[in-house]
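I opened the entry and went through it from the whole chain down to single residues. My notes follow in the order in which I looked things up.

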Amino acid sequence: MKKRIRQVISIILSLLMVVQSPNFSAIIKNVKADESPGLQVSFSCKQEPGTNVTMLKNGASEELTGQVNVTATSSGYAKGAKVTVALPSFFYDSDGNLQVYDENVNPEDVKLGMQANVIEADSWQTVEGKAFDQDTVYKGKIVFVASNDLKAGESLTFRIKVKFFGDVPEKTQGKITGSSSYQEYYDKNGNKIADEWKSPGVDENAIKVFVNTNLSWETVFEDSPAIPVWKEYNYADHYVTVKNTSESEDKDGPKDVSFDKINLMFELPFCSSEGGVDGIFTRDITKWIYKDGQIIENTEPNNPNSWKNTEFIGKEDKGGVLVYDVTDLTDEEIKDGKLGKPIPYSYTGNGQIAVIHEEEIHSPNYAKAHPDKNLHHQAKFLVRLPFTNNIQFKGSSTTKELQTKLVSTIIFGKPEIYWSKTNTATATFMKPQPDYSAKKVSESEAPYNKHVYVNSLSEFYIESITNKGNIPLFSPRVTDTVPGQFMLDGLFYEVPKKDADGGIEKFLAKEHPFQYEVTNSATGEKQWIDFTQSVTEKSTDDEVRWGISGIKGRLPGNATGRVRVNLKEKIEAGTTLPGKIVISGYPKNNVTIQNKAEIQFDYKYYKVGDGDTEGEWMVKEQEPYKIQADMVLTPPEIDTVVTAVHTEKKEGESQAAVTEGGSSRSPYHQTVYGKYNRQGMDGYILRAGTQSKGPIAPGYLQLDVPGAANDRGYVTENILLKKELLDAMINVSIGTSEEDQQYPSGNLILKDVNNQTKKISLKTLVQGYADSDGNVVIERSLWKGDLDNLKSVRIEYDYFAGDQKIVNGDELAAETYLKVMGTLKDYGSLTATGTVSTNYPGTSTSSVTKTGTGTITIEGVNPAITGNVYNEPDHPQASNLTSITVPYNEDGAKAVFHIGNKSHSEMNPGEFLMTLPTMWSMKRRWDSWQMRSPSKI
């Protein structure tokens, strides 16, 4: 550990000094203040930014400029000034290691090394006294001899072009050095003040290192995505990618061009003292010490002594800088937070942290050509900087930018070469802006567009619950005010099946997910109470629902009518909850039902301590977001047919003939003829139906008959309630118990001509009067002692099922009917009116009523008689003779009378009276004469 820390610190120092490894320089002071004048040689050439070496690709050359000056005096001149430039030469020893020749090596023996051409040397000549030739290639060394005296305060320069020659291996370093001398030195008056002088070694400013390499690389330092500041630690996420971009090939394929290590030094925006703003606190950088694989909290994070020889590390949401090596991770793994363990770092103060990555990074084409070696051509890091909630936003600005500087250094070669590049990246911070929305719709609204009926299970939906802000919102809760005309039955959270993984806790609070509000009778305060119903899960092919059902509006008397659904702990910024809240129940009236709700969240933020106080979490309740929906009900489509009916069993026939008609409904207009005073032969049928899926709930059906008063009218003898009619009135939707759902809802109400009534529950009638087919038949004896002749038969019910269709063209096949049979006590037309209607509570402008009539015709008796006389019965015209002549007192004179009934009514009783001439008369009486149809005479 100590070795690693020392290594990191030495790297940092090297970067700060921006010098080459000391192996490359022998720092020699040429002249002391009390010594003779000397010379100083300095070299300059093009170098890559961030390093003190010059990179030469194979075959490439670079210019080097040399300059020599007099030192230790400001006057006089040197004679015979000379500069020696040493060019490195290499050879392989017996072990195959590359070695450096002495500068005095015979150039002809050099196969590898550096060579130079002199391209400018106007003030110089060779040792032979000749001018330099640009075409001459120098190896080993070049000696420049000044053509004239070198005066103090002046400079002599030369330029050479250098390159590597031979098959020099990649990353080979060549050091070109310079030394100087003169023969004599004279003062300004021409007096010699010094004899021959030589530099004791290489001039410290005349050392240039060249590297034979095709290496190229780059660092990508990415800006952090914009982040809102509200937490104790708000992480600015910067990605750092150090890429080897080298490409080198020969006849054998890609050549490896690599570097050995990477050092990343970050200069962070920081705050050195408590209460500072717009930076990371030092205590948050040095909070966690990393030692021997253990993480220990730093008890003195602001003490510089605790930083020495120490590595630090970060912990998610607990402080410290988090550095992750994500080179081998996929984008999906990074997104899912599968980052592995963080990397330790060192801290030198002033917001500077350093991370070292000890892995060889290869050229991309070489790494690709050797997949079996699992080589990396880049290293990628995620650096998470822990800014606390101390960012200041000026005026109305909602953003703030802070920059982090990165000095990335690659290290390669022997001796080690440091090559640095500088990048900056910006972290954008956003002012917290809580915002949210939702939508409420009913089943009757788009996009559902369903028909909703009274007392039919219907639903409101609260959906698209969205956190539109830039921070999470906590404790989301939805409060719904249940309308007075809506009987609450269930509360649910429904999601598409594809989103249901994770179960109910992914969407709803772990505790108290469904509640209702009550008023405390003792204090008057409002309280939230859990529903007693168990939370269940219901699944279909497409959706999953969690919730409670079977409430049936049964809440205590102190309930306020408000219910609440508590959602999961928080909703992240910019997200919409899948699914929807469902409020299910039964509309109680055919009116537009307005349902209001509100969504509320808590805004949570961290308040930074100021040095005297500790930081703490604060919670602020947000204003509710109000929504509403209107449930528009569809009236039930009611239908009814009323007919008159006559039944009669003729002699010799086993079955009674039934005639039905007399209806106001086409095509059943044909006249039905009744029989006067024939008990139980005549009556009326009321058929009730619903042409829509929606029930009639509540409603009534009523048959008004022309009840007999003073023996004139209709006398009801029995009433038939068909099983199909009774079954349609079983309240399968909102019955209070299983037993109640076995019987029809409502009551039979009989009213007589004196407006006296008798009420009997349908349940009682079914239990006491149903026959084996389930039909209920009650006789007059049931009400005779209590009521006079009936004038109406009414059924008031809670529920009449939908889809009880009366089919056009086949109306009389409908079995959902009520029938009364009785006795006609009058002549003429006796009409019954049938009504089927809704019976909504209060005053409803949306009532639906359908009526019909049925009429029985009882004709008055229309007797007919014709008479004929004759004296010869066998006379062919005897039946047509109206007068004859006969002898006096002759017995052959006869009179014939034909008696008939031209009506459908019986003459019962009746009499026949015949008047004779004054000499005599004859009379005959009968007690019964029934005509089935009008007689023709």
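What share of the contacts with a separation of 6 or more comes from residues 24 or more positions apart? I found 74% for the chain. I note here that the model is a predicted one.

**Whole chain**

I looked up the secondary structure next and counted seven helices against 66 strands. The chain has 937 residues, and 48% of them count as buried. Its accessible surface comes to about 46100 Å², with 44% of that belonging to carbon and sulfur atoms.

**Confidence**

I checked pLDDT before going into detail. The chain mean is 88, and 88% of the residues reach 70 or more. Residues 8–34 fall below 50, and in the model this stretch has 53 contacts beyond near neighbours in sequence. Residues 920–937 are also below 50, with 39 contacts counted in that way. I left both stretches out of the local notes.

**Cores**

Which residues touch the most other members of the largest nonpolar core? I listed Phe259, Leu264, Phe266, Phe412 and Phe429, in a core of 47 residues. I then took Phe429 and set aside its neighbours within four places in sequence. Its contacts include Ile227, Val229 and Ala236, and also Phe387, Ile391 and Phe393. Thr398, Thr399, Lys400 and Leu402 complete the list for Phe429. Another core lies apart from this one; it has 42 residues, among them Leu488, Val544, Ile581 and Phe601. As general background, I noted that nonpolar side chains tend to be buried together in soluble globular proteins.

Opposite Met265 I found Ala354, in strand 32.

**A hairpin**

How many residues lie between strand 27 and strand 28? I counted two, and the two strands form a hairpin. Strand 27 (residues 288–291) and strand 28 (residues 294–297) run antiparallel with four bridges between them. Lys291 has Gln294, in strand 28, as its bridge partner. In the turn, Asp292 has a positive phi of about 50 degrees.

**Other positive phi values**

I looked for further residues of this kind, given that most residues other than glycine have a negative phi. Ala72 has a phi near 70 degrees and sits in the loop between strand 3 (61–71) and strand 4 (77–79). Asn455 has a phi near 55 degrees and lies in the loop between strand 36 and strand 37.

Is Asn455 buried or exposed? I recorded it as buried, because its relative accessible area is 4%, and the cut-off for that is under 20%. Ala72 is partly exposed, with a relative accessible area of 48%.

**Cis peptide bonds**

I noted a cis peptide bond from Ala446 to Pro447, with omega near 10 degrees. Pro447 is in the loop between strand 36 (436–442) and strand 37 (458–467). Ser666 and Pro667 are also joined by a cis peptide bond, with omega about 10 degrees. Pro667 is in the loop between strand 51 (657–661) and strand 52 (672–673).

**Leu787**

My last entry is on a loop residue. Where is Leu787? I placed it in the loop between helix 7 (781–784) and strand 59 (790–797). Leu787 counts as buried, because its relative accessible area is 7%. Not counting residues up to four places away in sequence, Leu787 touches Leu750, Asp752, Gln756, Thr757 and Lys758. I also took the distance from Leu787 to Lys751, which is 7.6 Å from C-alpha to C-alpha, with the two 36 residues apart in sequence.

Note on methods. Residues are numbered from 1 along each chain as its sequence is written. This is a predicted model: local features need pLDDT of at least 70, side-chain atom pairs count only at pLDDT 80 or more; totals for chains, interfaces and linings use all residues. Side-chain values use heavy atoms; hydrogens and water are left out. A nonpolar core is a set of buried Ala, Val, Leu, Ile, Met, Phe, Trp, Tyr and Cys residues joined through side-chain atoms within 4.5 Å. Buried means under 20% relative accessible area, exposed over 50%, partly exposed in between (1.4 Å probe, protein chains only). Contact means heavy atoms within 4.5 Å. Two strands pair if DSSP finds at least two bridges between them. Accessible areas come from the Shrake-Rupley method with a 1.4 Å probe; for residues, only the protein chains shown count as cover. pLDDT is the predictor's confidence in each residue, from 0 to 100.
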